[in-house]
Amino acid sequence: MIRTVGFIGLGNMGGPMAHNLVKAGFAVQGFDTVPAAREQAAAHGIVLTDTAAAVAQGADVVVTMLPSGPIMLSVWGEVVPAMAKGALIVDCSTVDIDSCRKAHGLAAEAGLMSLDAPVSGGVGGAAAGTLTFMAGGAAPAFDRALPILQAMGKNLTHCGDDGAGQAAKICNNMILGISMIAVSEAFGLADKLGLSRQAMFDVASKSSGQCWSLTTYCPVPGPVPTSPANNGYKPGFAAALMLKDLKLSQDAAGGSGANTPLGAAATALYDQMAQAGEGGRDFSAIFEMLAGGKA
Ligand code: NAD
């Protein structure tokens, strides 16, 4: 039975995820390097430690939610040796496949169970406890993690062995990056052809152009009132994070020999957006960059 959970990385995602573990009745001890994240976590019932390694003390499971693969690996390097044999460590960050496999290797050497379990659903899903988890690792590790994953998320898929969760995340977000550009280009072309945005939406949302980027997250204001385009492109999901995930897809494609020309083009376009100082806007603001003006 899982009683005590260690949580490292109490940021925009990790903070509310750890809070949901507290609400579900787990004793949560956490660590973050940033004072503001620590203060907010303490206010939500998380007991703070002074080091990453200290969260391992008495923890049945340790969860990490960190910005990148190299940071995750260095944190695992500290915390894994401090964990009790047979305990479970779960990384929920979005990281490169190589770092992910190295992390599983560290855990295996130390006699720990391990899981890569990246998420989708953003900060809203993290706060509501409705994240989608895509997990990679041995079946017993997934089974063991279920009670905590259920406290933080809704759709839980065991995708396969070590790294399969990150692979699923990277492939999904490559679709998302490409499809947002496709939908933005279509609205740009519709504008030039004198087709109203609502008519374009009404047809494409019921036709073969239908996709999430159009019907849930429409990049122009109007047709989907809840999409960031109606809110000055406040994220949501920042373009810088989309660029991070697309770069991971291109590293993975290079390493595996997969042919992803549209993934490469999408990466270049989001890079251009970031270079223009727009990385903090929602990724659907790529519409304005492509259209060359305000939506
Ligand atoms: P964030 O920057 O808000 O949080 C990361 C936290 O890690 C920060 O609080 C930071 O202080 C802490 N941290 C950094 N180095 C540390 C260290 N060495 N030890 C302890 N703490 C450390 O980022 P986020 O938005 O919470 O994203 C976390 C991960 O989740 C990323 O990998 C991101 O790609 C992924 N993700 C984010 C979203 C989203 O919408 N924000 C959605 C899905 C997945």
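Student: What should I know before I start?

Tutor: The model is predicted, so local features need pLDDT of at least 70 and side-chain atom pairs count only at pLDDT 80 or more, while totals for chains, interfaces and linings use all residues. Residues are numbered from 1 along each chain as its sequence is written, and side-chain values use heavy atoms, with hydrogens and water left out.

Student: Which domains does the protein have?

Tutor: Domain bounds come from an automatic or database domain assignment. Here it gives domain 1 (4-162) and domain 2 (167-291), with 29 Å between their centres, taken over C-alpha atoms.

Student: How do I read the area buried between domain 1 and domain 2?

Tutor: The size of an interface is often given as the accessible area lost when the parts come together. Buried area is summed over both parts, using a 1.4 Å probe. In this model about 740 Å² is buried between the domains, and carbon and sulfur atoms give 69% of that. On the side of domain 1, Thr94, Ile97 and Met134 supply 54% of the area buried against domain 2, more than any other three residues.

Student: How many salt bridges does the rule find across this interface?

Tutor: A salt bridge needs a side-chain nitrogen of Lys or Arg within 4 Å of a carboxyl oxygen of Asp or Glu. Across this interface the rule finds zero.

Student: Which residues are closest to the ligand?

Tutor: A residue is near a molecule if one of its heavy atoms lies within 4 Å of it. Here 24 residues surround the ligand, and the closest are Asn12, Met13, Asp32, Leu66 and Lys244. A polar side-chain atom of Asp32 lies 2.6 Å from an oxygen atom of the ligand.

Methods:
Buried area = accessible area lost by both parts, 1.4 Å probe. Polar contact = N/O pair within 3.5 Å; in protein donor to acceptor, adjacent residues only side chain to side chain.
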